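Please keep the structure in view while reading.

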Amino acid sequence: MRIPLILLCFLCFAAQGAEAVLEKIAANFSGIETLRADFTQERELKALNATLTMRGSFALEHRKRMLWRVDSPLFSISIISAEELQQWDADSGKILRLSASYLPWLKLLFANLSGWMTADAELLAKEFAVSAEGTRLLLVPKTSGIGSYIRRIELEFDDGFTLVRQAKFVETAGDTVTVTFTDTVRNQPIPEEIWLLPPRPLPGS
């Protein structure tokens with residue numbers, strides 16, 4: 001089968017565009033050590049034809065640990081590293097700890113979460129087929145590991161490619177998760193107390 005010349009030109013241009021964007025991202029994000037932001041997360045549930053909205057904040061110490069705090073509609077905190085996953089919720093008041101020795105996929109999960117949040121260009125190019133559309137980076141998993149639950153990821157950047165404004169995850173099951181970030185702060189000290197579980201003080205105390 002012959003591929004039309006115009007399509008070949010488009011594919012070459014798309015590849016060159018993605019390479020240029022990755023180079024810009026690598027330059028802008030290479031110095032990130034910490035990140036903090038507020039988020040709004042919307043999960044579109046295909047089976048129920050409904051949308052679940054959560055709001056909260058996240059904090060990241062690059063290649064060390066990440067905190068994902070949901071303030072509404074339920075209050076819960078997850079802390080993930082390459083060695084351990086910790087989860088706490090206000091309803092039970094209990095802390096669940098899961099070691100990487102029992103969860104062999106945990107290191108991969110943390111590496112990818114950290115890579116997506118910091119737009120790690122090297123990781124993105126290794127794990128995904130990458131294309132670019134304006135300030136949006138489209139990622140399609142190359143391996144069955146990530147590809148078994150994620151069909152594609154869309155990262156939307158600001159005009160200067162210095163911040164991730166939105167991340168959209170299209171799951172293989174049909175659900176879509178869109179996370180919009182606001183008030184992002186780079187490379188500022190993160191107070192040690194936010195990593196404490198249960199959190200101190202509790203809301204309303």
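Arg136 has a relative accessible area of 33% and is therefore partly exposed. In this predicted model, Arg136 forms a salt bridge with Glu156, with the closest N and O atoms 3.0 Å apart. Because Glu156 belongs to strand 9 (residues 150-157) and Arg136 to strand 8 (residues 136-141), this pair ties together parts that are 20 residues apart in sequence.

In total, the structure holds eight salt bridges. Another of them joins the side chains of Glu171 and Arg43, at 3.0 Å from N to O. This pair links distant parts of the chain, since Glu171 lies in strand 10 (residues 164-171) and Arg43 in strand 1 (residues 34-45), 128 residues apart. Glu171 has a relative accessibility of 17% and so counts as buried, whereas Arg43, with a relative accessible area of 24%, is partly exposed; the cut-off for buried is under 20%.

A further salt bridge brings together the side chains of Arg65 and Glu192, at 3.1 Å from N to O. Arg65 is in strand 3 (residues 65-72) and Glu192 is in the segment after strand 11, so the pair ties together parts that are 127 residues apart in sequence. The relative accessible area of Arg65 is 15%, which means that Arg65 is buried; Glu192, at 47% relative accessibility, counts as partly exposed. Arg65 and Glu192 also belong to a network with Glu61 and Lys64, joined by salt bridges that share partners.

The aromatic side chains come next. A pair of aromatic rings is described by the distance of the centres and the angle of the planes. The count comes to six aromatic pairs. In one of them, Phe58 and Phe181 have ring centres 5.5 Å apart and planes at 65°, so the pair is edge-to-face, the cut-off for that class being over 60 degrees. Because Phe58 lies in strand 2 (residues 50-61) and Phe181 in strand 11 (residues 176-186), the contact ties together parts that are 123 residues apart in sequence. Both Phe58 and Phe181 are buried.

The rings of Phe157 and Phe161 have centres 5.4 Å apart, but their planes are at 40°, and therefore this pair is tilted. Phe157 is buried, with a relative accessible area of 0%, and Phe161 is buried with a value of 6%.

Ring pairs also link Phe58 and Phe181 with Phe39 and Trp68 into a cluster. Finally, charge and ring meet at Phe29: the charged end of Arg186 sits over the Phe29 ring, 5.6 Å from its centre.

Notes
Residues are numbered from 1 along each chain as its sequence is written. This is a predicted model: local features need pLDDT of at least 70, side-chain atom pairs count only at pLDDT 80 or more; totals for chains, interfaces and linings use all residues. Side-chain values use heavy atoms; hydrogens and water are left out. Rings of Phe, Tyr and Trp (its six-membered ring) pair if their centres lie within 6.5 Å; planes under 30 degrees apart count as stacked, over 60 as edge-to-face and the rest as tilted. Helices (H or I, at least four residues) and strands (E, at least two) are DSSP runs, numbered from the N terminus. Buried means under 20% relative accessible area, exposed over 50%, partly exposed in between (1.4 Å probe, protein chains only). A charge sits over a ring if NZ of Lys or CZ of Arg is within 6 Å of the ring centre and within 35 degrees of the ring normal. A salt bridge is a side-chain nitrogen of Lys or Arg within 4 Å of a carboxyl oxygen of Asp or Glu.
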